[in-house]
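Please find below my note on the model under review.

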Amino acid sequence: MKKSSLSPDEVSLTQPGNQKTKIAKKLANPKKNEILKRKGMQKDLRSSKLKIFGSDYFFNYELSWLKFNERVLAEAQNQKNKILERIKFLSIVCSNLDEFFQKRVGGLKRQLMAEVKELSVDGMTPSDQLKVVRHEVHKMIEAYRGCFFDDLLPKLSSKGIRILSYSELTEYQKSVSDRYFQKQVYPIVTPLAVDESHPFPFISNKSLSFAIELLNPRTEEKSFARLKIPANRNRFVEVQRKGNNVILIPIEGLIREKMNQFFPGMKVLSAHMFRVTRNASVDRNEEEAEDLLETIEDELRERKFAEIVRLEIDAEMPKHLKKYLVKNLNINWNDVYEMKGTIGLADVMEIARLSGFNRLKERNWTPVLHPALKHNPEEEIPSIFEVIKKGDFMVHHPYHSFELSTQRFIEEAARDPNVLAIKQTLYRTSKDSPLMHSLMNAAEEGKQVAVLVEIKARFDEERNITWAQKLENYGVHVAYGIPGLKIHTKLTMVVREESDGLRTYCHIGTGNYHPDTAQLYEDLALFTCDEQLGSDVTDVFNLLTGYAPEQSFEKLLIAPHHMRKQMDALIEYEIEEAKNDRPARIIAKMNSLEDPVIIQKLYEASNVGVKIDLIVRGVCRLIPGKEGLSENITVHSIIGRYLEHSRVYYFNHRGEHKYFIGSADWMHRNLDARVEAITPIENENLKKYLQFVLNIYFNDNKQRWLLNADGSYDRAKKIKGSSKLSAHDFLMNHMKESDEPIPKA
């Protein structure tokens, strides 16, 4: 099979497309092809424009997601990574799987219960997908547990971090453990018996529990009890620290050792762990909801009691107890995942964060001040608004400081007496966000403050509701979103009164206003006071807070009404350029690529010679390097220290070199079911910076993976004679050592 490969040193943003290949018959004449034979199924619901269908054209979403998690697992397995970094990645693998079951498997199960007959765009029923997911998850469980128990645990021990059972502790260590149990654990644990007067207890989502079989010595009767391991205590209890050595005991091991104290007069026959995962895919009817806030609160309550989609269970649990759990939890055996040893390994993040072991972690990184914001120490710190007026600048997190750029922007706006209004969209933020406090202070000072709070942000609904209520209490104008849509765009605008009139300053980003994740997520943001962009951002807020269904925009690409058509037109332009033997080039960086209509358009572009490079961190349904379909498409994936979160789009556009950044992936939900904003980058220096960063990614030979036409991924190989290059390490070093945004030639 012919592959479209592109060695790192061959990548150029202005590289023309390869010699044209004939447009694939499968695209040019679909009526004569199997692709329209949908085996009795309806067309894809997303668009009547889709002319292709089946596994020859699309990877399955769920399997592609699991392939992404395999790449994360590869970082845990990588012997070149420091040991606590490997532990961190293993925790992320397990946490990712939790979310996968809650959202993706939960959604498939709902489809199954609803008797959905329509095939996915890759040609699979919900039942087919659940079967193949179970098979792949079993393989992943075996891989990550083997990595932890057979590789990481022995290495941790050799580095001075020992995780022991109670019986392995010294007398002194046992006494420390005993005191901790009596003072910190025993008082808060509530054992729940199950008998005629005590029904089977509710098992909360992702909680760790013991299934306990008891014997009454007087009556010889057996009974069942459940004991929940307290989630508000560390999973790994430190019992001794001496020099560069620490002894830990898992809290479940300590509880198991003391189990008899919870059941005086009874004999504990067995105690084995289990853990449930519940469906987070809860349906809501926003169109009929009189109160969206109340609807989301109802959903949170419903999610708490949602059906179980996974039961993780100790393989050594007696068979009759397994049957008892399956029956009382009302689940299918296909939802049971048995494993030997401790479960719930997402909690090993506690080990990765142990203090005093910096030698076992990556070097600390302190984000630097963006060059545009630097000033002579002898001079007064300039207003950030004065800096923006000098020209657009773009911050790149976590390399540039979030606190000293985005956070400063909001804080200065809140304090500045010349600022009349502040408007912001809020998708996710931290528990005690300084940005929210600044907005509340601004409202108290009499400024007009409006915040669009997306209370439908998955798993952050409760926090966002709390912030919305706090903001309202301080006089902030709060809107909760639009029925049927999520507000995912990342926008802030500040209106300031100046000597020549009102001026609008904008922050347009790819990431959330979240000070914590800004240290871990790679994101971009543009600061500008461009008049037209300011007008567009103003119109976006008017669209969100008022009634403006016919709103149009001069520069911004806005979903759901405009962005799809504009992206289609940009790709079509490159297609026409290639057809006329002119250089044609597309580069797109995103979190996930799922939209089948966009994928079809990229196939069309590839088949007329457009050279396409895609950097897709997670799910990718497009099949690259396939003869007659996608020979000119290469898919890269960067997995490493930072989570690649920015969205960047580049089109050659007859040498105009159009660049865009924003909040939207090429996914159906982003293009059709969310409010998103993508901004053009017009400043030539900022274009050069994006070119510089993209070329760093393409030359990465440590963190970069390449997607094959069969769905597998291979690590990018180092070209003979080239140096080892990690994009994350390179950019940290560059930012630390240079005041120049872009290295000079």
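The numbered points below set out the computed features of this structure.

1. **Basis.** This is a predicted model, in which local features need pLDDT of at least 70 and side-chain atom pairs count only at pLDDT 80 or more, whereas totals for chains, interfaces and linings use all residues. Residues are numbered from 1 along each chain as its sequence is written, and side-chain values use heavy atoms, with hydrogens and water left out.

2. **The chain as a whole.** The protein chain has 19 helices and 27 strands; these are DSSP runs numbered from the N terminus, helices being H or I of at least four residues and strands E of at least two. Of its 745 residues, 57% count as buried (buried means under 20% relative accessible area, exposed over 50%, and partly exposed in between, with a 1.4 Å probe and protein chains only). Among contacts between residues at least 6 apart in sequence, 75% join residues at least 24 apart; contact means heavy atoms within 4.5 Å.

3. **The six-stranded sheet.** An open sheet of mixed pairing is formed by six strands in the order E2-E4-E3-E7-E8-E9; two strands pair if DSSP finds at least two bridges between them. The edges are taken by strand E2 (191–194) and strand E9 (336–339), and each has a single partner strand, so one side of each is left without a neighbour in the sheet. On average, neighbouring strands of this sheet are turned by 25° against each other, direction ignored. Within the sheet, strand E3 (residues 208–215) and strand E7 (residues 267–278) are antiparallel and share eight bridges. Glutamate 213 is placed opposite serine 270 in E7.

4. Axes are lines fitted to C-alpha atoms, for helices over the stretch in contact, and angles run from 0 to 180 degrees between N-to-C directions.

5. **H3 and H4.** How do the axes of helix H3 (residues 83–113) and H4 cross? They come within 11 Å and cross at roughly 165°. That makes H3 roughly antiparallel to H4 (angles under 35 degrees count as roughly parallel, over 145 as roughly antiparallel, 65 to 115 as roughly perpendicular and the rest as oblique). The crossing of H3 past H4 is left-handed, meaning that the near helix is turned anticlockwise from the far one by less than a right angle. The contact of H3 with H4 comprises 22 nonpolar, three polar and four charged residues; Ala, Val, Leu, Ile, Met, Phe, Trp, Tyr, Cys and Pro count as nonpolar, Asp, Glu, Lys and Arg as charged, and the others, Gly among them, as polar.

6. **H2 and H4.** Helix H2 (residues 61–77) packs with H4 at an angle of about 5°, the axes being 11 Å apart. H2 and H4 are therefore roughly parallel to each other. Residues making the contact include Leu63, Leu66 and Leu73 of H2 and Val133, Val137 and Met140 of H4. By class, the contact of H2 with H4 has twelve nonpolar, three polar and three charged residues.

7. **The three-stranded sheet.** Another open sheet, with mixed pairing, has three strands in the order E1-E6-E5. Its edge strands, strand E1 (161–163) and strand E5 (236–242), each pair on one side only. From one strand to the next, the twist averages 20°. E1 and strand E6 (residues 245–250) run parallel, with three bridges, and isoleucine 161 has valine 246 in E6 as its bridge partner.

8. **Strand E21.** Is strand E21 (residues 633–638) enclosed or exposed? Six of its six residues are buried, so E21 is largely enclosed by the rest of the structure. Ile633, Val635 and Ser637 are buried on one side, and Thr634, His636 and Ile638 on the other. Strand E20 (residues 611–616) runs parallel to E21 and is joined to it by four bridges; isoleucine 615 is partnered with histidine 636. Strand E26 (residues 704–707) pairs with E21 in the antiparallel sense over three bridges, and there serine 637 has tryptophan 705 as its bridge partner.

9. **Tyrosine 324.** This residue lies in helix H8 (residues 319–328). Tyrosine 324 is partly exposed, with a relative accessible area of 26%. Leaving aside neighbours within four places in sequence, tyrosine 324 contacts Val194, Phe200 and Phe224. Tyrosine 324 and alanine 211 are 113 residues apart in sequence, with 9.8 Å from C-alpha to C-alpha.
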